[in-house]
Amino acid sequence: MTPYSAGYRRVVVLLLTAAYTFNSMDRSIISILAPSIKTDLRLSDTQLGLLGGTAFALLYGLGGLPIARLAERANRVNIMTIALIAWSSLTAMCALAVSFGQLLLIRAGVGIAEAGCSPSAHSLISDYVAPSRRASALSIYTCGISLGYMLAAVLGGYLAQHAGWRIACAAVGLPGILTALIIKVAVREPRRGGADAPGVSAPDVAARELPPFSMRHEFAELRAVAAALLFDRPILHMVLALTLGAFAAYGFYYFIPAYFRRGFELDSTQVGLISAVAGGLAVGLGIVAGGALSDYLARWSARWYALVPAIGGTVSLPFYVLALVAPGWKGAAAALSLGGFFWYASLGPTFGVVQNVVDARRRATATAFLYICLSMLALGLGPLFVGWVIDRFTESSFAASGAARSFRETCPGGIAVAGAATTVQEACRSALALGSRRGLLLSVGFFAWAVGHYALASFGLNKTLAGHRSAGAAVPAASSVQSDSM
């Protein structure tokens, strides 16, 4: 078992959570500032989706596996420190962008740097925290998503209104550099597998001398991780559920701030506060509750690691729909808060299960594999898809109003051209608000699809986790994986 005190382990988890908070804040800030950026640079919602999703996510996903493989061999604390400094600096540099192309390139750089965070952090937490408490610990770490979104919403919304979106980018980016230095000084590199019970994760295997680097060995390790996550049916359903839910969530929450501005004509500060509570506080509470509840119920049956997300997701669906059809912003915000609380109970259990079915020397790689799904498929395509759907619905609604020209020509950046008649201005506003509502309602269907996979994962999950415990999570060594039939 780990030689570190309980108090020190809590400090480590909290510091890693702080790093993930900056990870989420720097990732989310574009969605909070999207209305201001859209007007300033005259962008479409499809372009905003590219900035918030695809540009960031493609390189986030592509960079994840090489950095994770490095984390299996090198000092994970050093990797996190360098990555945090890099993405924080690049986020601040967004303030200097004067065109869509420049902003796109900077966001791509942020994606590469942020890829060094979660694979290393998940692996570190798993070497500090015992398997029976990993879902809880990882849910606390994952709270960085909501904390970062909340800080981006409040700080970004306020600064966007009072100082401009460029100042907001600099303000959320620069503090991450100081956090990186604190992590470097305070967090020690633990022994691989040191928190596992004897025989559960085969610490003797985890601590073995790794063979010299070779592409053959690296590909064998990747095959072993892929087999653990894709060739076991309950785990595959967990991965599919996480990916589909993230696809829906990234697109949904990316355009929620814009929806509240368009649908209820609120200012940036008001939208920032709503986003902070509904997308930050409520989501964070749901993440922590889901991890703690699943760890508690799993004492009787490991099926609860899938049932907690399935039940929470089912309860969240009507609240998400209500948030989009409510006539007033207060009712919409309340429903959105409840939907986020119940949906995000899924993250801690899912990440905990994945960490418990792979060898200690493959945990960063397993997390990177998940983040390929979360980034390239979910974050990369979710905002882009929802933005594209909103553009289509908006064009359709604008055409139905009897307009002679397209929405894009009449309402560049979502606003009628200067000097336009009042009726044209109202037509632009109404079409954009209705298109946003319809596009977001469509995305709720993907949440429902994900719930089905969590329910299916509950069948056989007991057997899968029991098998890994009894076998000591004995994923075969790389040399033997090369001859396995996959």
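Colleague: What volume does the second largest cavity have?

Modeller: About 50 Å³. Rolling a probe the size of a water molecule over the atoms shows where empty space is left. A cavity is a set of points, on a 1 Å grid over the protein atoms alone, where a 1.4 Å probe fits but cannot get out. Grid points are joined across faces, edges and corners, and the volume is the space filled by probe spheres set on the points. This is a predicted model, where local features need pLDDT of at least 70, side-chain atom pairs count only at pLDDT 80 or more, and totals for chains, interfaces and linings use all residues. Residues are numbered from 1 along each chain as its sequence is written, and side-chain values use heavy atoms, leaving out hydrogens and water.

Colleague: Which residues line the second largest cavity?

Modeller: Lining residues have an atom within 4 Å of a point. Here they are Ile32, Pro35, Gly157, Pro257, Arg261, Ser268, Val271, Gly272 and Ser275. H1, H11 and H12 each give two or more of them, with the largest share, 4 residues, coming from H12. Helices are DSSP runs (H or I, at least four residues), numbered from the N terminus.

Colleague: And how many cavities of 30 Å³ or more are there?

Modeller: There are 3. The largest has a volume of about 460 Å³; 29 residues line it, and Arg27, Ile145, Ala249, Tyr250 and Tyr344 are the closest to its centre.

Colleague: Which helix supplies the largest share of the lining of the largest cavity?

Modeller: H11, with 8 residues.

Terms used:
On a 1 Å grid over the protein atoms alone, a cavity is a set of points where a 1.4 Å probe fits but cannot get out, and a pocket is an open set with protein on both sides within 12 Å along at least five of seven lines; lining residues have an atom within 4 Å of a point.
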